[in-house]
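Subject: Structure handover

Hi,

Here is the structure I promised to pass on. Please open it alongside this email. My notes follow below.

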Amino acid sequence: MADTPPRQVEPRVDESSADMGTLVGLGLVEEQPVPQYQDLFLEPNLPPADEPE
């Protein structure tokens with residue numbers, strides 16, 4: 001049997017009206033919080049590394 005060439009994957013666009021804005025407007029779901037990444041990662045206060053000679 002001959003090898004079939006791979007098919008291109010095409011993204012499908014969901015054209016339904018059940019997007020998050022609609023669901024929030026209908027009161028079916030609560031609005032999702034926006035993640036805040038500021039000050040989440042703290043850099044350690046380390047002295048400068050000595051360069052090897």
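The chain exposes about 6,400 Å². Carbon and sulfur atoms supply 54% of that area. Bear in mind that this is a predicted model. Of the 53 residues, 0% count as buried.

The secondary structure is quickly told. Helix 1 covers residues 20-25, and Met20 is found in it.

Which residues make the nonpolar surface patch? They are Met20, Leu26, Leu28 and Val29. The patch comes to about 390 Å².

Is it buried, partly exposed or exposed? Its relative accessible area is 43%, so Met20 counts as partly exposed. The cut-offs here are under 20% for buried and over 50% for exposed.

Now to Gln32. This residue sits in the segment after helix 1. Gln32 and Met20 are twelve residues apart in sequence. In space, their C-alpha atoms are 8.9 Å apart.

What does the side chain of Gln32 reach? It reaches the backbone oxygen of Glu30, at 3.4 Å.

Best wishes

Methods: Residues are numbered from 1 along each chain as its sequence is written. This is a predicted model: local features need pLDDT of at least 70, side-chain atom pairs count only at pLDDT 80 or more; totals for chains, interfaces and linings use all residues. Side-chain values use heavy atoms; hydrogens and water are left out. Buried means under 20% relative accessible area, exposed over 50%, partly exposed in between (1.4 Å probe, protein chains only). Accessible areas come from the Shrake-Rupley method with a 1.4 Å probe; for residues, only the protein chains shown count as cover. Patches are made of residues with over 30% relative accessible area and no salt bridge: like charges are joined within 9 Å, nonpolar side chains (Val, Leu, Ile, Met, Phe, Trp, Tyr) within 5 Å. A salt bridge is a side-chain nitrogen of Lys or Arg within 4 Å of a carboxyl oxygen of Asp or Glu. Helices (H or I, at least four residues) and strands (E, at least two) are DSSP runs, numbered from the N terminus. A polar contact is a pair of N or O atoms within 3.5 Å; within protein, one must be able to donate a hydrogen and the other to accept it, and residues adjacent in sequence count only if both atoms are side-chain atoms.
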